[in-house]
Amino acid sequence: MDSNKKYWKGLEELNNEPEFVEKNKNEFPEPIPIEDVLTGGGLEGKTPRRDFLKALGFGVGAVTLAACERVPVHKSIPYLIKPEEVTPGVPNYYVSTYDGHAILVKTREGRPIKVEGNPNDVLSKGGLSAQAQASVLDLYDYNRLNNPSLDTQDASWSAIDTFVKSELGAIKAGGKKVRIVSSSINSPSTLAVIADFVAAVPNSKHVTYDAVSYTGIIQANQNSFGKAVLPHYRFDKADVIVSFGADFLGTWISPSEFMAQWVTNRNGKSLKGKKMSRHIQFEAGMSNTGSNADTRILTKPSEEGPALVNLYNEIAGTTLPGSKSTGNSSIDKAVKIVAAELKAAKGKALVVCGSNDVAKQVLVNAINSLLGSYGTTIDLDNYSNQYKGNDAEFVDFVGEMNRGEVDAVFFLNSNPVYDYHNGEAVKAALKQVRLRVSFADRNDETSAHCNVVAPGHYYLESWGDGNAIEGYYTVVQPVINPVYDTRQAEQSLLMWSDAPVKDYYTYVRNNWDKNLLAKGGLSGQKGWETLLQTGFIKVADKTPGTYTFSKDLNGVAQTILNQSGKLAASAGSMEVQLYQTVAMRDGKRANNPWLQEMPDPVSKVTWDNFAAMSPNDMKNLGVVQGDTISIEANGHSIELPILVQPGQTQGTISIALGYGRTVAGPVGLNVGKNAFPFLNFVNGTFQTAAVAKITKTGGNYIFAQTQTHHSIEGRNTIVRETTFKEYVKDPSSNSGGSLKHKPYESLWDEYQRPVYDWVMAIDLNACTGCGACVVACSAENNIPVVGRDEVRRRREMHWIRIDRYYSFKDGDKSVTEEHELSTMKDLDNVEVVYQPMLCQHCDHAPCETVCPVLATVHSNEGINMMAYNRCVGTRYCANNCPYKVRRFNWFNYWNDARFDNYLINEHTHLVLNPDVVTRFRGVMEKCSMCIQRIQAGKLKAKMEKRPLKDGDVKMACQQTCPTNAIIFGNRNDPNSEVSKMLKSERTFYVLEELGVEPGIGYQVKVRNTNTEIA
């Protein structure tokens, strides 16, 4: 069955806007600035060549010295290879931990250059997020603090120690309070150090504060079951998943882990067994999770609570307080259908909610209890330690400071002056505190108001451990000696509390020897060395308990309805929903250019946040995309440009947190606006919804948005999808056939590939669009960052992009005048398909035929290769590529300070992969299928005197993918995973009718939709 759906990348293409049409007539609308190149002119802000190394401050001397010392201290053990066997040119891999996930860190000659997921990681099975992939770059940030400071002046560590201990002695005599404020910590050793400090220092307390809080869930579990824990959710055990605003595939709690779980009931293996979970999402803004849902119900924040009350009533057959209607007939209808599906899937159902409201989470607990979810899809016994924040405790702490009760505060990985809803109040309160210490490794908004800054090591320089999930313990070990004169915060606390053990490595080792190694059946020196090679120990899971909810819900329901009523916007106002982006999250990584330039999965905007608004609301307000509006809520106002967002609930605006940093490195400084002040503190927790007054300002802003840089020219053979119902009837539904049956006569000579025929398969049913592959590819292949202005000029350099396609839910909607913005009611109900797009390595590659200097040629193993030294930059190849995956180097991005580039400094060059040549001005580049990895795999097999096995070679994009959506291998091996995948009935090839014979096959997207839900 051929698809009659029409796909479009953005409203510019849908409405065939003249400016969009004109831009896409010419792939390179701007000429090469030859005169500027020759004269040294060009873009504004020219920096002399001798000063370019310090332009952005990702700066080689200190790192080189650190890398040259024995790596690392205290005999860290490389993954599989012993340190004494380190060979120049051969990488070493060390196990470590990032955000609770077991990882491998690749080093070359003592310098970390790449982070990979540990294939044995219990959480994400080897997948990694974009943030984890980008973390290696922060090690080389020249804006990291070089040494401690006292009253803004550089100081020695001995001076810092003397001052802090003296102050603590005076505070002890005065009897005032001491507070350690940190974000959630799941490291057993760090928690033990803090506990020892609290025990040694009178009147001290540890306050846990998270910028994006999960206190509501934790407190709800305390109220419901007497367990103040964050559950371990099991999406892999759910047949029906219903989410109310929880972006669990994007940013909620543990997205890499949840993606790996979610896909197990939706990938090719599951589909072959004629099984597929159903995922229904109620939400206001188009989230990454909502865009992947089978069915998406547009729901205002004010409608979420009543919808939950009605869902409980439908499942339980009760009548909790409140109207039987939410006021939205679509939601009411959906709730009835969803309730029936959840009851039918009892024991294999899961309801989650992204709200931080305790009452809503208590009601969700009651719903899950009715569905028999505890012990199956929800585990309260093998719980998560990833978030432990207590909002009310932090608010009390600010009050304590204001009352002059606190004389010392220590900030550990916490920046409340920026991310607290009232940062000004924190600044004012800090003036009442005598000793203010920040352990930040780079300046931030809070450290700017501290009299002592004791910079800690970066995690790649540190010893430590993690315990993200109860029973799962990981180790952190340094892969390079400290680059600067920093010291781990834990060691500082040990010294300042006069602990008997002042060396943190010894402390960690002792803690594992006494308390943790035995859990994994290990002991002594041999056990420790085994841990440093494997990276973790896993204790057998406790049997998850089945918990029954037995509390009265009448008061809970009334609280929900009362709060929902306060959120309902009046005339001239709109409901604001705050969210995190996949790249920026809470803003701590704002100075990372890989993350800033990673396109947002849904909006495809880089380097900014914005006010996402529905097309109909924009029409009513009389604004267009890019117009700036003033948004006022909670006594705070900001100005943001509007982004037209299909699928945005009418009457709502979505704004991303994590932007608007005022004290950060030059990459993240003043990028976007800070939306944290829009948070509400209600009933003991921070809420992400508010009512805002909207005012037009008359300004306009141009986004650096990547999605509409090319047009699909109305083709419907780029993405293909079907429904699960149709797939069960006909597994080849909408696959479009196979390349084996060519509908044309070829003019090309055919060549045999007797040994290797490298190809790739990508499952659209597994791809969530998260963008981890984009950052992994940048890290592996030395891809430069070009900055906001160059992205606006359509000059981004990513070798792999994730195309996001919209389509109308009700099928065939022609792209005609009738669907202009003014009448486009259908834009509220759109569906989304994500498609990773990279060089297709075509057997009949159109780029090869037009290159006048044979710079792009085909290998005898099926790879389209680039000879950079031959390329003269005619760009004929890019013009002739139907997939638009080739990138042109307009400048020497490596040494030109006119760009927001991470490479123009003395340190960051050390993150470059020495196996991949850096490209220069005037040269074309594109995906090489990680040819360096292919060659390394062959060499390793040859040295071991064996054939190359399937799985020996993995692409960077493939290795990091949390859902295993990308498979690479040798088509000549019939037993290879890729060969089997390409034989699937769902396989299709993009633009197959052109006859270019691409080497990448895609699997049709399958949706398990319920047609009864409008």
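Guide: Here is a short chat about the strands, the sheet and the cores.

Visitor: What kind of model is it, and how are residues numbered?

Guide: This is a predicted model, where local features need pLDDT of at least 70, side-chain atom pairs count only at pLDDT 80 or more, and totals for chains, interfaces and linings use all residues. Residues are numbered from 1 along each chain as its sequence is written, and side-chain values use heavy atoms, with hydrogens and water left out.

Visitor: How many helices and strands are in the chain?

Guide: The chain has 31 helices and 41 strands. Those are DSSP runs numbered from the N terminus: helices are H or I with at least four residues, strands are E with at least two.

Visitor: And how much of the chain is buried?

Guide: 63% of the 1014 residues count as buried. Buried means under 20% relative accessible area, exposed over 50%, and partly exposed in between, with a 1.4 Å probe and protein chains only.

Visitor: Why is strand β2 described as largely enclosed?

Guide: Eight of the eight residues of β2 (101-108) are buried, so the rest of the structure largely encloses it. His101, Ile103, Val105 and Thr107 sit on one side, with Ala102, Leu104, Lys106 and Arg108 on the other. In a regular strand, side chains alternate between the two faces of the sheet.

Visitor: Which strands pair with β2?

Guide: β1 (92-98) pairs with β2 in the antiparallel sense over seven bridges, and Tyr94 has Val105 as its bridge partner. β3 (111-117) also runs antiparallel to β2, joined by six bridges, with Arg108 partnered by Arg111. Pairing here means that DSSP finds at least two bridges between the strands.

Visitor: What's in the turns?

Guide: Two residues separate β1 and β2 in their hairpin, and Asp99 in that turn has a positive phi of about 55°. The β2-β3 hairpin also has two residues between its strands, and there Glu109 has a positive phi of about 50°.

Visitor: Switching topic: what is the strand order in the open sheet of seven strands?

Guide: The order is β5-β4-β16-β15-β14-β6-β7, with mixed pairing. β5 (153-154) and β7 (204-208) are the edge strands, each pairing on one side only. Helix α7 (188-200) packs on this sheet, touching β6 (177-182), β7 and β14 (406-412), and its direction makes about 145° with that of β7. Touching, or contact, means heavy atoms within 4.5 Å; the axes are lines fitted to C-alpha atoms, for helices over the stretch in contact, and angles run from 0 to 180 degrees between N-to-C directions.

Visitor: Now the largest nonpolar core. Which residues have the most contacts inside it?

Guide: That core has 142 residues, and those with the most contacts inside it are Tyr233, Phe235, Trp252, Phe282, Leu342, Leu363 and Met760. It draws at least three residues from each of domain 2 (216-382) and domain 4 (708-1007), with bounds from an automatic or database domain assignment. A nonpolar core is a set of buried Ala, Val, Leu, Ile, Met, Phe, Trp, Tyr and Cys residues joined through side-chain atoms within 4.5 Å.

Visitor: What does Leu342 touch?

Guide: Leaving out residues up to four places away in sequence, Leu342 touches Val240, Val242, Leu311, Ile315, Ala349, Val351 and Leu371. There is also a second, separate core of 43 residues, including Trp463 and Tyr504.
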